[in-house]
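Subject: Structure for your review

Dear colleague,

Please find below the structure that I am handing over to you. My findings follow it, and I would be grateful if you could read them alongside the model.

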Amino acid sequence: ICFILTVFKKEYFVVVDMNVFKETDIKKGDGFSVSSVTGEGIEELKEKIKQIRSVAPYPVIIVNDMEQGYPQSKLPKLPLGTIAAANNPKYARLFAAALAKEAKEVGFNGCWGPVIDIFNDMQITRCAGDNPEAVLEVAGEIYNAFASYHFQACGKHYPGGWSDIPIDGHMVAANAVQTKEELLKTSLVPYLKLMEAGLLPT
């Protein structure tokens, strides 16, 4: 988050993760403190987002983790692995459309996702499979659905963070252990092809 703030502040944009924000920090345009929103209802969350937009003297992008769907949704939560296992691109498209529609109605601009890692033992249901082309197909459907709702997305987790190492890249510094050739044949396939298609920002 801090890195994103550093980049976007020059253009008067700040990305706000709804799991870590405080009003005074929004006014200043830097820094965050923990403020969990997972237990809040729809109306409370709408009010919090409205509050953020009212105090920020710059455009704000509101995001949250939504890997299995919009957190406050009444729809069932669906792991990406489950959607991919159905082997029908329509389901990925419908899942993403429902997610984006609900989240936009509350005030979100986007989410941290989808996961476009290649399967390993730590991911299991968080990713769409062990075949880069299959992962690409599911991710492409999700990105296209998001785009139709003008809902922002990002690809995660970049090689070295999760997909090719047996440790949690959120907790410790991580490095990709694959060779350049291995990366280009596996982990980087979804990233490069989604960027070529104009679905993933470069």
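A nonpolar core, as the term is used here, is a set of buried Ala, Val, Leu, Ile, Met, Phe, Trp, Tyr and Cys residues joined through side-chain atoms within 4.5 Å. Please note that the model is a predicted one. In it, the largest such core has 40 residues, and M66, F108, F146 and F151 have the most contacts inside it. Two or more residues each are given to this core by helix 3 (42-55), strand 2 (60-65), helix 4 (80-85), helix 5 (89-106), helix 6 (132-148) and helix 8 (189-196).

Overall architecture

The chain contains 8 helices and 3 strands, which follow one another along the sequence as α-β-α-α-β-α-α-β-α-α-α. Of the 202 residues in the chain, 43% are buried. The chain exposes about 10,900 Å², and carbon and sulfur atoms account for 57% of that area.

Aromatic pairs

The structure holds 2 aromatic pairs. In one of them, the ring centres of Y70 and F108 are 6.0 Å apart and the planes stand at 70°, so this pair is edge-to-face. Y70 belongs to the loop between strand 2 and helix 4, while F108 belongs to the loop between helix 5 and strand 3 (110-112); the pair therefore ties together parts that are 38 residues apart in sequence. Y70 and F108 are both buried. F146 and F151 also form an edge-to-face pair, with 5.1 Å from centre to centre and 70° between the planes. Both of these residues, F146 and F151, are buried as well.

Helix 6

Helix 6 has 17 residues, which at 1.5 Å a residue should span 24 Å; the C-alpha atoms at its ends are 24 Å apart, in agreement with that expectation. At the start of this helix, a side-chain oxygen of N131 comes to within 2.8 Å of the backbone nitrogen of E133. The buried residues of helix 6 are P132, V135, L136, V138, A139, G140, E141, I142, Y143, A145 and F146. They pack against helix 4, helix 5, strand 3, helix 7 (180-185) and helix 8.

Backbone geometry

Most residues other than glycine have a negative phi, and most peptide bonds are trans.

- N87 is not a glycine, yet has a positive phi of about 55°. N87 is placed in the loop between helix 4 and helix 5 and, at 68% relative accessibility, counts as exposed.
- The peptide bond from G113 to P114 is cis, with omega near 10°. P114 is part of the loop between strand 3 and helix 6.

A residue of helix 4

T82 is found in helix 4. With a relative accessibility of 43%, T82 counts as partly exposed. T82 and R126 are 44 residues apart along the chain, and their C-alpha atoms are separated by 8.9 Å.

With kind regards

Technical notes:
Residues are numbered from 1 along each chain as its sequence is written. This is a predicted model: local features need pLDDT of at least 70, side-chain atom pairs count only at pLDDT 80 or more; totals for chains, interfaces and linings use all residues. Side-chain values use heavy atoms; hydrogens and water are left out. Helices (H or I, at least four residues) and strands (E, at least two) are DSSP runs, numbered from the N terminus. Buried means under 20% relative accessible area, exposed over 50%, partly exposed in between (1.4 Å probe, protein chains only). Accessible areas come from the Shrake-Rupley method with a 1.4 Å probe; for residues, only the protein chains shown count as cover. Rings of Phe, Tyr and Trp (its six-membered ring) pair if their centres lie within 6.5 Å; planes under 30 degrees apart count as stacked, over 60 as edge-to-face and the rest as tilted. The expected span of a helix is 1.5 Å times one less than its number of residues. Contact means heavy atoms within 4.5 Å. A polar contact is a pair of N or O atoms within 3.5 Å; within protein, one must be able to donate a hydrogen and the other to accept it, and residues adjacent in sequence count only if both atoms are side-chain atoms.
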